[in-house]
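I open this notebook to record what I looked up, one topic at a time. The model comes first, and my entries follow it.

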Amino acid sequence: MPSLKDLKIRIDSVKSTRKITKAMQMVAAAKLRKAQESAERGRPYAEKMRDIVSNLASSVKNVAGDNKFLGDGNDCNKFLLIVATAERGLCGGFNSSIVKLAKSRIAELKSQNKEVKILTIGKKGREQLNREFESLFISHVDLSNERNITIDTARKISMDIISRFENGEYEVAEIFYNKFASVISQIPSSYKLLPVSINEKESDASNVSFNFEPDEDEILNEIIPKSIATSIFSVLQENAASEQGSRMAAMDNATRNAGEMIDKLTIDFNRSRQAAITNELIEIISGAEAL
Amino acid sequence: MTNKFELSIISAESKVFEGKVENILVPGMVGDFLVLSNHAPCISSIRPGFLEFSEGTSDKQRYFVSGGIIEVNNNMVSVLVDSAVSGDKVVKEDISNLISEVDDRLSSEDTVNKDDLGLRKNDLEEALKQA
């Protein structure tokens, strides 16, 4: 049976933990709102970019001609997995769920005898993957100094990725991140970044024939790096929102658990105090009777 | 009344402009061109320079763009820009900074497309004169 003093110390310590988790939850909530707003603002650009690329790609297909960025990515042997995670922990399963998805993909590719390379964005993913796959790392992007994600950051990352693509370091690039479904649910997802595949269904009925200036190929060479930067930008934004959402949920849970623990400890504390009082009373009464 | 069409200028981080305009002058990659309503569908890349459009009243609006893509389709004009600054706010320093950025990249040895960068520098210097 712990003494009264021990219980008191424990209650105090859990109380201060609860204060910290509560503060972290509120900070995450504020950051989440900001992240969501900036993701919202970037959406029109990303959507229009996708439209233009699919318009372009479908008309390039009509004209024939092979652009180096286009293709379906089948029959390729060199894969680059871009794993985007957070710089910080204490956000529930956020980081490990992305890493888990990436790991299963690595295992799948390896069983097909494909060559796999890894590029990580964010410290946490790197730490977790380092244990098993250190030899596969080719680069790491550190975001710890970025308070807000800007398009410039995304551009730098995409320039690096594209120059590696042009140098033939890999043939297919896939990116792993957490999709922001809602505050309480984030879905680890992945998609193919490069090469850009032509979507048949998107070249719909409004098959307008565009004039291109300069020609299709040159525009593609210009727009695809841009669209990749945009994709990376929106991935980073979704990730940032998911991270904060996930942290908020985790910290909310922690705060609630701390509350429950305090209630339980307080009952224990009261009970042992009452026991001590009763004990003293018995001693006094039996002392009085003895006289 | 003259014909108007929808124009939206969007940068990666925000919507810069959205509304109905009468015409827009675009610094295209191959040369400047003017878009009026019922323009044939086209997609063109934009070099760094000034974008000018008027909403119908006499005064024109001017934006400095550092490059991008324009799509004209069915009287909907969308301009995707890398960055856009309203003409009144353009400071010559900003453009000079962009020029020195290009210079840095030109001087670094591993750059492959020196021609492109040189062209970009010319465009920027041209824009600096107009600012």
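I began with strand 4 (residues 172-180) and strand 5 (residues 186-194) of chain A, which run antiparallel and are joined by eight bridges; two strands count as paired if DSSP finds at least two bridges between them. Strands here are DSSP runs of E with at least two residues, helices are runs of H or I with at least four, and both are numbered from the N terminus. I noted that strand 4 and strand 5 of chain A form a hairpin with five residues between them, and that K192(A) in strand 5 is the bridge partner of E174(A).

Before going further I wrote down that this is a predicted model, in which local features need pLDDT of at least 70 and side-chain atom pairs count only at pLDDT 80 or more, while totals for chains, interfaces and linings use all residues. Residues are numbered from 1 along each chain as its sequence is written, and chains are lettered from A and ligands numbered from 1 in the order in which they are written.

Next I looked at helix 4 (residues 151-166) and helix 5 (residues 216-290) of chain A, whose axes come within 8 Å and cross at roughly 125°; the axes are lines fitted to C-alpha atoms over the stretch in contact, and angles run from 0 to 180 degrees between N-to-C directions. The two helices are therefore oblique to each other, the class left over once angles under 35 degrees (roughly parallel), over 145 (roughly antiparallel) and 65 to 115 (roughly perpendicular) are set aside. Among the residues that meet are I151(A) and I161(A) from helix 4, and P225(A) and F233(A) from helix 5, where contact requires C-beta atoms, placed from the backbone, within 7 Å.

Strand 7 (residues 60-65) of chain B pairs with strand 10 over three bridges in the antiparallel sense, and V65(B) stands opposite A84(B).

Last, I asked how many residues of chain B are in contact with chain A. I counted 20 residues of chain B against 21 residues of chain A, and strand 5 of chain B gives the most to its side, with four residues. This strand also pairs with strand 6 (residues 211-213) of chain A in the parallel sense over three bridges, with I43(B) as the bridge partner of F212(A).

Conventions: Two residues are in contact if their C-beta atoms, placed from the backbone, lie within 7 Å.
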